[in-house]
Amino acid sequence: MSAPIQDAVDAVLRVPGSAPAMAAVIVQGDATPWIHVGGSARANAAVAADADTRFYIASQTKSFMGLLGAMLDARGELPLSTMLADVWPDLRLPTPADPHRITMDDLLSHQEGLSTSTLNVVTAYVRDVPAAEYPALLASEVTPREAGFRYANIGDLIYGAALEARTGRNWRDWLDSALLRPLALEGISPRTSTVPAAHLAWNHQWDGAQWHVLPPKPDALMHAAGGLVASPRAMARWMQLNLGTADSNGVFTTAALQRSQRPIAESNLADGEIDCNGYSLGWYSCTYRGQQALLHPGSYNGAVSVTVLVPTARAGLSLMANSDSAMEGLMLEMLKSFIGLATGQPDEDRRLRKALEAYPAKVQAKAAGRRSDAEEARADPQWGGWTWRPDAAALERCTGQFGNPLYGTMRVYQDAPGLNAQVGALQLELEPAQPGVFAASTDILEAPEPLRCDADAGQIFWRGQVFLRVE
């Protein structure tokens, strides 16, 4: 079963622009885990990736939070039946959302009935949002949506804040002390600052000719919906624990594990081959060729991962790559093939070969699409033909520190030949477009966003927010 997966990983790494590094981990029954890692943790440094390299696994964090939630429910620390109003009695949500009806169970299964764009962006790219800020932000930055399942980060974000508000301990501390350390999962961490530099994979994006190397997330951006780095070796043990083939030494009960994996929401996601019709506390429940599986993917700028468990075969596969070069589609095909291989389905080798044959063209298309999107965005009339050529004095008037209650402080400073801005962990290059309007972007592969400076009023407008000069 491992040979086709190993061949696939090796074939992927031979494709220009695929990934600097990729890892595959297979567990089955009581056998020693199979781990195959190839490539480099960083494209711009000679750091070989191995079984102890920590890859960012993004939204797979939700599976860990789900098991933590089930454990704390069983221990009475934070019952999953707890309502938002029990945590924040004075919380006000936009009607018809009702904090007396939204439970911790709802949050971890994406059935909270709330939606936000700003809170997701801030936590993922800008700054840590302390639990104490959540009541005000939930009142101002969320909107109600229709009942039922909708996958998003907001539920886990609120759960993490509620856990801290109720217990006085941050979700990272809880995860470390209640789950990761007791289960000997030292290779998994919610803080990149604790990982030796030589063991930390950087993220990458391909522009068609070269890699754009993205540094690991700082601790402040490792949030409860996407805040873990994990080694292939540690992911092997994580899968074994979830399959019940490794002893948890009483850290969690069988009932808590089953609670975390039992579908409680209807997800209704299907592509004609795999049907993921349920969601638990951090796992999709899926069917492929009549076989049941649990899975959860993770993706972020320059990193993609997925883990799939096949309980009837007592087997699991975890894939990690430090690039996003058409990786999500490829990993979906690889996990389908694994489910088939683990359960004795025919023709899965052929499926895998077909996916690999199509992959190089998809890498090229991904890079071309990025370039096209950026070029199209720059051709937008809002930039006024890129005719503004401000002198140093005009640029100086837009420098300084500007505050916003959601994003925090934006520092704008001159960095020849133009301006840069820093908002929390987010670094922006500001390119003059038309008088008072700059194109703000983090990278040439990213479509620029308008940032407007009203120097006379001491204000900056960006992403629908007003930043007022504070210094």
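Analyst: Two strands pair if DSSP finds at least two bridges between them. Helices (H or I, at least four residues) and strands (E, at least two) are DSSP runs, numbered from the N terminus. In this structure, Ser 189 stands opposite Val 229 in strand 10. This is a predicted model, in which local features need pLDDT of at least 70 and side-chain atom pairs count only at pLDDT 80 or more, while totals for chains, interfaces and linings use all residues. Residues are numbered from 1 along each chain as its sequence is written, and side-chain values use heavy atoms, with hydrogens and water left out.

User: Over how many bridges do strand 7 and strand 10 pair, and in which sense?

Analyst: Strand 7 and strand 10 (residues 229–230) are joined over two bridges in the antiparallel sense. They belong to an open sheet of three strands with the order 4-10-7 and antiparallel pairing. Strand 4 (55–56) and strand 7 (188–189) are at the edges with a single partner strand each, so one side of each has no neighbour in the sheet.

User: Which strands form the closed barrel?

Analyst: The closed barrel has eight strands in the order 17-18-19-20-21-22-23-24, paired antiparallel. On average, its neighbouring strands are turned by 30° against each other, direction ignored. Within the barrel order, strand 19 (residues 418–423) and strand 20 (residues 426–434) run antiparallel and are joined by five bridges. Ala 421 has Leu 428 of strand 20 as its bridge partner.

User: How is the packing of two helices to be read? At what angle do the axes of helix 1 and helix 11 cross?

Analyst: Axes are lines fitted to C-alpha atoms, for helices over the stretch in contact, and angles run from 0 to 180 degrees between N-to-C directions. Angles under 35 degrees count as roughly parallel, over 145 as roughly antiparallel, 65 to 115 as roughly perpendicular and the rest as oblique. Helix 1 (residues 2–13) and helix 11 (residues 327–342) have axes that come within 11 Å and cross at roughly 165°. The two helices, helix 1 and helix 11, are therefore roughly antiparallel.

User: What is the handedness of the crossing of helix 1 and helix 11, and which residues make the contact?

Analyst: A crossing is left-handed if the near helix is turned anticlockwise from the far one by less than a right angle, and right-handed if clockwise. For helix 1 and helix 11 the crossing is right-handed. Contact means heavy atoms within 4.5 Å. Pro 4, Ile 5, Ala 8, Val 9 and Val 12 of helix 1 make the contact with Met 327, Leu 330, Met 334 and Leu 341 of helix 11. In the classes used here, Ala, Val, Leu, Ile, Met, Phe, Trp, Tyr, Cys and Pro count as nonpolar, Asp, Glu, Lys and Arg as charged, and the others, Gly among them, as polar. The contact of helix 1 with helix 11 has nine nonpolar, no polar and no charged residues.

User: How do helix 2 and helix 10 pack?

Analyst: Helix 2 (residues 61–74) and helix 10 (residues 254–261) have axes 8 Å apart at an angle of about 135°, which makes helix 2 oblique to helix 10. Their crossing is right-handed. From helix 2, Gly 66, Leu 67, Ala 70, Met 71 and Asp 73 meet Ala 256, Leu 257, Arg 259 and Ser 260 of helix 10. By class, this contact of helix 2 with helix 10 has five nonpolar, two polar and two charged residues.

User: How many salt bridges does the structure hold?

Analyst: Side chains of opposite charge can pair when their charged atoms come close. A salt bridge is a side-chain nitrogen of Lys or Arg within 4 Å of a carboxyl oxygen of Asp or Glu. The structure holds 23 salt bridges. Asp 52 forms one with Arg 233, with the closest N and O atoms 2.9 Å apart. This pair links distant parts of the chain, 181 residues apart: Asp 52 is in the loop between strand 3 (47–48) and strand 4, and Arg 233 is in helix 9 (residues 232–243).
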